[in-house]
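Biologist: I have a new model open and would like to learn how to read it. Could you take me through it, from the overall fold down to a single residue?

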Amino acid sequence: MANKLRITLVKSTIGAIPKHRKTVEALGLRKLNKTVEMPDNGAVRGMIQQVRHLVKVEEI
């Protein structure tokens, strides 16, 4: 596994359920097309799995 993950919000959270909105915000994503770099660990992978339809992930 890579050291870091680059996570980009590619779909709006307007129609998403509240739990998914909070997960996206907890990942540090506030606006559409914004990118954050997070460590590659189980907690972050689980959050990404929950909102995989809203984000794009790249290993760096």
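Biologist: How many helices and strands are there in the protein?

Modeller: The protein has 2 helices and 3 strands, where helices (H or I, at least four residues) and strands (E, at least two) are DSSP runs numbered from the N terminus. Starting at the N terminus, the order is β-α-β-α-β. The radius of gyration, taken over C-alpha atoms, is 11 Å, close to the 10 Å from the globule rule for 60 residues, so the protein is as compact as a globular protein of that length. That rule is 2.2 Å times the number of residues to the power 0.38.

Modeller: A word on the source: this is a predicted model, in which local features need pLDDT of at least 70 and side-chain atom pairs count only at pLDDT 80 or more, while totals for chains, interfaces and linings use all residues. Residues are numbered from 1 along each chain as its sequence is written, and side-chain values use heavy atoms, with hydrogens and water left out.

Biologist: Where does Thr-8 lie, and is Thr-8 buried or exposed?

Modeller: Buried means under 20% relative accessible area, exposed over 50%, and partly exposed in between (1.4 Å probe, protein chains only). Thr-8 sits in strand E1 (residues 4-9) and is buried, at 10%.

Biologist: Which side chain makes a polar contact with the side chain of Thr-8?

Modeller: A polar contact pairs N or O atoms within 3.5 Å; within protein, one must be able to donate a hydrogen and the other to accept it, and residues adjacent in sequence count only if both atoms are side-chain atoms. For Thr-8, the partner is the side chain of Thr-35, at 3.0 Å.
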